[in-house]
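Open your viewer and follow along. Each stop names something to select and says what is there.

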Amino acid sequence: MIKKKVKFNLGVIGLMAILLIFQSCDSNRIYEENLAISDNSWNKDDIKIFEFDVADTLSPLNVYINLRTTVDYPYSNIIVFMESVYPNGIENKDTLEFILAQPDGKWNGESSGTIIEFQGLIASGGRFSTQGTYKFSLQHAMREDDLNEVVDIGMRVEIKE
């Protein structure tokens, strides 16, 4: 009976250690959300909104746009309109372009079967100047109304190492 308890306790301790390792792997993340694109076809009027609260105005940050496409995505880039609304009411609009593939067709993101995961850095080392709620809206700015083979789009904010 003592051997069974020892084996059980070692199993529980091992499981807890594994969980702690996975939890600590992403300890720099402040915010991350990815929103699915219905039927893998992103309509130009389908504006994706990301909203989160910021308390820390001292830590330097990296801000990314996450994008997942299929290998059948027909372009080597994507252009996105980004609108930012800060807690103090200031608004900003920007146009971002991400190069998703090299001229030889090799994808810049991580490939997993038929899905390509791309993470585009849009800010590095900056800080949010004001505490409060930040809101970011993303809309594709390609020439087609429906941008096919886009699986999801997201945003990630992390403390810069």
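This is a predicted model: local features need pLDDT of at least 70, side-chain atom pairs count only at pLDDT 80 or more; totals for chains, interfaces and linings use all residues.

**Stop 1: the salt bridges**

Side chains of opposite charge can pair when their charged atoms come close. This structure holds 6 salt bridges.

Select Arg156 and Glu32. Their side chains meet in a salt bridge, 2.6 Å from N to O. Arg156 sits in strand E11 (residues 150–159) and Glu32 in strand E1 (residues 29–36), so the pair ties together parts that are 124 residues apart in sequence. Now colour by accessibility. Is Arg156 buried or exposed? Arg156 counts as buried, because its relative accessibility is 8% and the cut-off for buried is under 20%. Glu32 is partly exposed, with a relative accessible area of 30%.

Glu158 counts as buried, at 14% relative accessibility.

Arg29, Glu32, Arg156 and Glu158 are linked in a network of salt bridges.

Next, move to Asp46 and Lys48. Their side chains meet in a salt bridge too, 3.1 Å from N to O. Asp46 is partly exposed, with a relative accessible area of 25%. Lys48 counts as buried, at 11% relative accessibility.

**Stop 2: His140**

Select His140. This residue lies in strand E9 (residues 132–140). His140 counts as buried, with a relative accessibility of 2%.

Which backbone nitrogens lie 3.4 Å and 3.1 Å from a polar atom of the His140 side chain? The 3.4 Å distance belongs to the backbone nitrogen of Lys44. The 3.1 Å distance belongs to the backbone nitrogen of Met142.

Now show the surroundings. Leaving aside neighbours within four places in sequence, His140 is in contact with Trp42, Asn43, Lys44, Ile79, Val80, Phe81, Asp145 and Leu147.

**Stop 3: the largest pocket**

Rolling a probe the size of a water molecule over the atoms shows where empty space is left. The largest pocket contains about 310 Å³ of space.

Select Tyr86, Ala123, Arg127, Phe128 and Phe136. Of the 18 residues that line the largest pocket, these lie nearest its centre. Then show the strands around them. Strands E4 (61–70), E5 (77–85), E6 (91–99), E8 (115–126) and E9 each give two or more residues to this lining. Which of them gives the largest share? Strand E8 does, with 4 residues.

Colour the lining by class. You will find 9 nonpolar, 7 polar and 2 charged residues.

**Stop 4: the second largest pocket**

The second largest pocket has a volume of about 170 Å³. To see its lining, select Glu32, Asn34, Asn66, Leu67, Arg68, Asn108, Gly109, Glu110, Glu117, Phe118, Gln119 and Asp152.

Which strands each supply at least two residues here? They are E1, E4 and E8. By class, the lining of this pocket has 2 nonpolar, 5 polar and 5 charged residues.

End on Glu32, which links two stops. Glu32 lines the second largest pocket, and its side chain meets that of Arg156 in a salt bridge.

Methods. Residues are numbered from 1 along each chain as its sequence is written. Side-chain values use heavy atoms; hydrogens and water are left out. A salt bridge is a side-chain nitrogen of Lys or Arg within 4 Å of a carboxyl oxygen of Asp or Glu. Buried means under 20% relative accessible area, exposed over 50%, partly exposed in between (1.4 Å probe, protein chains only). A polar contact is a pair of N or O atoms within 3.5 Å; within protein, one must be able to donate a hydrogen and the other to accept it, and residues adjacent in sequence count only if both atoms are side-chain atoms. Contact means heavy atoms within 4.5 Å. On a 1 Å grid over the protein atoms alone, a cavity is a set of points where a 1.4 Å probe fits but cannot get out, and a pocket is an open set with protein on both sides within 12 Å along at least five of seven lines; lining residues have an atom within 4 Å of a point. Grid points are joined across faces, edges and corners, and a volume is the space filled by probe spheres set on the points. Ala, Val, Leu, Ile, Met, Phe, Trp, Tyr, Cys and Pro count as nonpolar, Asp, Glu, Lys and Arg as charged, and the others, Gly among them, as polar.
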